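Let's walk through this model together, starting where the two chains meet and then turning to each chain.

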Amino acid sequence: MSESNENNHQKYSIYDNMSTEVLEEILRADSQLQNDKDSDMDTILYIMEVIAKREKEQPTGKFTDIHTAWTSFSENYLPYLENDKSLYDDEDIKDETGIKQIPLYNSSTSRKSRLQLRTACIVAIITVMLFVGTVTANALGFDIWEAVAKWTKDTFSFSNVIINTQSPDDLQKTLDKYNINTKVAPKWLPEGYSFKSVDVAESPLRTIVNSIYSNKDDEILVTIISLAVPSASTYEKDSSNVIKYNADGIEHYIMTNLERTKVVWMTGNYECSITGNFSVEEAEKIIDSIYGR
Amino acid sequence: MGLDDNQQRFIEKLYKEMYYPLSTYALNALSNDSLAEEAVQDTFRIACAKVDDIKSSENPNGWLFNTLKYVIKNMIRSRARLTNMIISSFDFDENIDVKDSDTSDIDLLYSDIVDSSEYKLLKRIALDKYTMLEAVQELGISVEACKKRVQRAKKKLKGHLEKNK
């Protein structure tokens, strides 16, 4: 091993000991950075190689095997060489996202990049700890609580907070806490359903509030997504019709999928949905209750 | 213009070295294995189209990584835009009672806006989350033809939506 490689190995060896879940969270956090200059490319490339090596040693089946992929590339993509822009490059949004000038490699990594990446690492660890609960901070070589304190001072935010209480007002209280003042929370649900939980997931691009109401056998899920940048989700539906229902000047779309009813609507920068086992009439009553009708 | 043998060997070596690392990043960024694979394939296609650039780069892996990130960004924004357009097209005519319409009625309604098969192609990509390759395989056309067809259909639909705002 050359001296340079050995130095690199020592510099990045911390990532060798991290779980694949944590490393994947770091990649996800990096992909959501608004500014590519904030990404520490050397470190991210190292992390990608660590995961790829593990994939080769113990295939998870998540990826097409390389021989099949190469054959598909040669047959389908290689003949299309005349155009050096992405297949998804829209001429009308070239200025925003164009690949016209692909930046070449810049070997310098700024202090800010390293800080951003450290933040992403911490956030990834917190996320995995909250959701998996099997990773210990000491094993990863981090003082997690010191890290949390530092993390809250940084501008980059990507956190997961889970709130579990039994008060029926908690969805509204949570929305208030996140300054979501638009009417989006239902005040009525079919008989027998009561508040179960609410959790909030934040990323730089969106804040997702998920609230669950349950009865003896079933659950109703209320999802409010606050978008930093307007975008649209795709909802799956079956072959039945989409019903439009107007309330408070807002179009709500009622559809069914896998024998469940889903209501979706957009209001301002909020994308909302309510999903559960209820009738169209009950869906309309739920919608009315949002606006106090 | 295709690649010469030397360039072909260079790309194939790079592909074998970087296919899994790039796929790992793409999958975590896009959360969809088919789209992730297409992002990686598109990245290598661009690398072939700009083979002299990547060959002269001091760090070809870094070059590929930067390209992948731009491909992913383009993919996310382009698909989000298309989805918005398709959803807008459902609301396009206030006289339509969507409650009484089924999907084939909407296709017929738009047959004067875009050619019906083109509108179906847009819906496949926006609503069914098809990759270009999946659409290509369904239509029996090339990737290049599919991209052109998508762009043409989007332009037409966008024009009609703007005209009838």
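How many residues of chain A are in contact with chain B, and how many residues of chain B do they touch? The answer is 48 residues of chain A, in contact with 60 residues of chain B; two residues are in contact if their C-beta atoms, placed from the backbone, lie within 7 Å. Before going on, note that this is a predicted model, in which local features need pLDDT of at least 70, side-chain atom pairs count only at pLDDT 80 or more, and totals for chains, interfaces and linings use all residues. Residues are numbered from 1 along each chain as its sequence is written, while chains are lettered from A and ligands numbered from 1 in the order in which they are written.

On the side of chain A that touches chain B, two or more residues each come from α2 (20-31), α3 (41-57), α4 (66-77) and β5 (243-247) of chain A. Helices (H or I, at least four residues) and strands (E, at least two) are DSSP runs, numbered from the N terminus. The largest share, eight residues, belongs to α3(A). By type, this side of chain A has 27 nonpolar, nine polar and 12 charged residues; Ala, Val, Leu, Ile, Met, Phe, Trp, Tyr, Cys and Pro count as nonpolar, Asp, Glu, Lys and Arg as charged, and the others, Gly among them, as polar.

How confident is the predictor about chain A? Its mean pLDDT (the predictor's confidence in each residue, from 0 to 100) is 72, with 60% of the residues at 70 or more.

Now to chain B, which has eight helices and zero strands. Of its 165 residues, 41% are buried, meaning that 20 or more other C-beta atoms lie within 10 Å of the residue's own, with C-beta atoms placed from the backbone.

Finally, look at helix α1 (residues 5-30) and helix α2 (residues 33-49) of chain B, whose axes come within 8 Å and cross at roughly 140°. Axes are lines fitted to C-alpha atoms, for helices over the stretch in contact, and angles run from 0 to 180 degrees between N-to-C directions. α1(B) and α2(B) are therefore oblique to each other, since angles under 35 degrees count as roughly parallel, over 145 as roughly antiparallel, 65 to 115 as roughly perpendicular and the rest as oblique. The residues of this contact divide into 14 nonpolar, two polar and two charged.

Conventions. A residue is buried if 20 or more other C-beta atoms lie within 10 Å of its own, exposed if 12 or fewer, and partly exposed in between; C-beta atoms are placed from the backbone.
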